[in-house]
Amino acid sequence: MSAIPAFVRLDSTLLTMLFSCQQRSPSLLYFGPRLEAQTEHDMLVLLATRQEVKCAMVVEAPISLSPLLGEGFTGAPGLELVNAEIAWSFGPQLIEVRQHHANQVEFVSVDALRGIEVTHSIDLDATTHVCRASTTLRNLNSQALQVQYCAAPTFQLPDNLTKLVSFEGRWSNEFQRQSMAWQLGSFVRENRKGKTSHDTFPGLLSHTPQCDEQQGECYGFHLGWSGNHRLRAELLADGRRYVQFGELLLPGELTLQQGQSYQSPSLYASYSNEGFSALSRHFHRYVRQQLLSPAQQQKTRPVHYNTWEGIYFDHKVETLKELADKVAELGVERFVLDDGWFKGRRGDKAGLGDWTVDSLVYPQGLTPLIEHVNQLGMEFGIWFEPEMVNPDSDLFRAHPDWVLSSANNEQLRFRNQLVLDLTRDEVVEYLFNAIDAILVAYPTIAYIKWDMNRDINHAGNFAGKPAVHQQTLALYKLIDRIKAKHPGLEIESCSSGGARVDYGVLAHTDRVWTSDSNDALDRLMIQRGCSYFFPSSVMGAHVGPRDCHITGRRVSIEMRAAVAMFGHMGIEMDPRELSEHEFQTLQTAIALHKQHREFIHNADLYRLADDEYAINFGLVNADKSFALFAYNSVRETNRTTPNKLRFAGLDPQATYQLNLVWPTQLKEYSSSVLTAVEGQLFTGQALQQFGLQLPITNPQTSLVFALNKQR
Ligand code: GLA
């Protein structure tokens, strides 16, 4: 074993993370712009020297990677452990630092008296600037160790951060940003829904007062986990602050016997001194380059048709073929048969669990429909909700004991369904075989929309223990097993819209269903919130019906298409409702999306400053030779003319030709700036610094501009 270094430094091309190993356990000393060679690590330690304060510890307890009661820490401990003896006061000593390569480190600390080992694993991706960090706990003691909490590494943050941004939501209105000041004590969000949840997304931003979308210092944190979570940002009375993210474990959920270990979910973190958009670009690149499978990184994302808001449970082969004909003509490339195809599923009251094709609706099985779809040149995808069962199903009648429950407590009702106990091997075997049988019977099924439509309110498994932790791991394993058996199969993570959108599930899947709301106006804010951590390539975005089924709002086809175009585009409606104009507009929009989709799914995102009248953003390619900018007016402006569009991310010295690419026809009250500027040349500087006067449009209008750099 080699000697413990005083510091461990991880660098990306832009950032440095510096860990101090000078105390009993390691801590994060610095996380920010890459340190110059002349900046010696001891300098930072000296600069951080604090004097003794009256009525306080002579030296403050450190905010180590797992700050502990055993270290005298009086903030929130990173580990809460109980055994028959003194595990509660766990006080480890750093004994080994392992570095397998320059950007990665493992700090191994052991408490020999208590027989517990903790390992903090951290890597900083050299080119995307995203750090991934987890904590692993191992019980070396013959006594059983109850783990009440084991957070991913706790990160102390600089004291110039004054603001926090969290993301909250509800069904059909996910990813709403909530801004607040750091205040003494803890800001805590806890999630016990048994899935990532609509309510609280496990992510947080912290920033300086000067930070906005294009400038200033900010940090982003996200826990990659699809079960229960707790996130905390605490400001201590002594002025220090830290963030701590971990899996929320239910009472008695996790016990480690001798030799057993537990690894926390990974915390993903990054920093930027160029504002929130740059921070998001780090996360986007990380998802594209590190999280998604190599196959998915290469694949062009096909335009979807999803049957849900088109026909709901009203499945008829002839109707579905007719829909397929229509959407193929629109340019759709993947036809996804949503809920309603399996035995007894004529509504949401029955059928979940019986994953065989309903012979009453599909007398010849799915073959006639799939062949029809394939002959039209479209891939076929299908919906499953594997973790669920309706009491009115053959599966439940045969195995009423296969569900999660808690003894002598009535199950809360939720969409007429219960949650299967994935910690039972026979349940997982059943699900694997059922899904596999469909994929074997219909080998051209290329896609699964994997749904999960209720909370886990009674998380007890067959052994009577709460089991969200094991249930979540079993889900990941089942998805991996199905994918391994069917190479090339793609899976979308859906949970009543965006209740299971996180890096944990995304590491096993390929796309997320961002929200059940297809209302283009609401969707703008939902997609904007989601874009802090997720790139457009994984964000499912569909053109919904003329009158939105969830909000009742009528939005033009031009705007609905413009909003969906900037995600993984699809349509979800009954295409028979389309007027001739709407049909042609949608066809043109899909063609425009296809023309630019490689760019849209890989370009750098620049969210433009919020103004309450419009939601605007731009995408710029790596060499800044091409850009698309979207202006989405959402309400009438206070002044007669709207504010200017100030572009971002362009090369100030380059000259660009400006063109309006969407909509193809815009009704204007009088000839506007658009007539004057169309096809004209402007420098990046003029576009960014001076800005483009926007035309007067009806509220709820989307304009998309293309910028082509001139040689
Ligand atoms: C959930 C999904 C929808 C749809 C329905 C089907 O609500 O989010 O997209 O698949 O289930 O029941």
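These legends walk you through several close-up views of a predicted model.

**View 1. The chain is divided into three assigned domains.**
Let's begin with the overall layout. According to the domain assignment, domain 1 covers residues 7-291, domain 2 takes in 302-321 together with 330-513, and domain 3 spans 606-709. Between the centres of domain 1 and domain 2, taken over C-alpha atoms, there are 35 Å. Domain 1 brings 31 residues to the contact, and domain 2 brings 26 residues. The two domains bury about 2,200 Å² between them, and 60% of this area is on carbon and sulfur atoms.

**View 2. Strands β1 and β2 form a hairpin.**
Here you can follow β1 (residues 7-11) into β2 (residues 15-20). A hairpin of 3 residues connects β1 to β2, and the strands pair in the antiparallel sense over 5 bridges. To find one of these pairs, look for Asp 11, whose bridge partner in β2 is Thr 16. How many of the residues of β1 are buried? The count is 4 of its 5 residues, so β1 is mostly covered.

**View 3. Four strands make an open antiparallel sheet.**
Reading across this sheet, the order is β10-β17-β16-β13, and the pairing is antiparallel. Which strands stand at the edges? They are β10 (155-157) and β13 (185-191); each has a single partner strand, so one side of each is left without a neighbour in the sheet. From one strand to the next, the twist averages 15°. Strand β10 is joined to β17 (residues 241-247) by 3 bridges, and Phe 155 has Val 243 as its bridge partner in β17.

As a reminder, strands of a sheet pair through backbone hydrogen bonds, either parallel or antiparallel. Tyr 447 stands opposite Glu 490 in β27.

**View 4. Thr 509 sits buried in a loop.**
Find the loop between α10 (503-506) and β28 (511-513), and you will find Thr 509 in it. Is Thr 509 buried or exposed? Its relative accessibility is 3%, so Thr 509 counts as buried, the cut-off being under 20%. A polar atom of the Thr 509 side chain lies 2.8 Å from the backbone oxygen of Val 505. Beyond its neighbours within four places in sequence, Thr 509 is in contact with Leu 292, Ile 479, Lys 483, Ile 491 and Ser 493.

**View 5. Strand β31 is covered on both faces.**
In a regular strand the side chains alternate between the two faces of the sheet. In β31 (residues 604-607), Asp 604 and Tyr 606 are on one side, Leu 605 and Arg 607 are on the other, and all are buried. A hairpin of 6 residues joins β31 to β32. The two strands run antiparallel, with 4 bridges between them, and Arg 607 has Phe 617 as its bridge partner in β32.

Conventions:
Residues are numbered from 1 along each chain as its sequence is written. This is a predicted model: local features need pLDDT of at least 70, side-chain atom pairs count only at pLDDT 80 or more; totals for chains, interfaces and linings use all residues. Side-chain values use heavy atoms; hydrogens and water are left out. Buried means under 20% relative accessible area, exposed over 50%, partly exposed in between (1.4 Å probe, protein chains only). A polar contact is a pair of N or O atoms within 3.5 Å; within protein, one must be able to donate a hydrogen and the other to accept it, and residues adjacent in sequence count only if both atoms are side-chain atoms. Contact means heavy atoms within 4.5 Å. Two strands pair if DSSP finds at least two bridges between them. Axes are lines fitted to C-alpha atoms, for helices over the stretch in contact, and angles run from 0 to 180 degrees between N-to-C directions. Domain bounds come from an automatic or database domain assignment. Buried area is the accessible area (1.4 Å probe) that two parts lose on being put together, summed over both.
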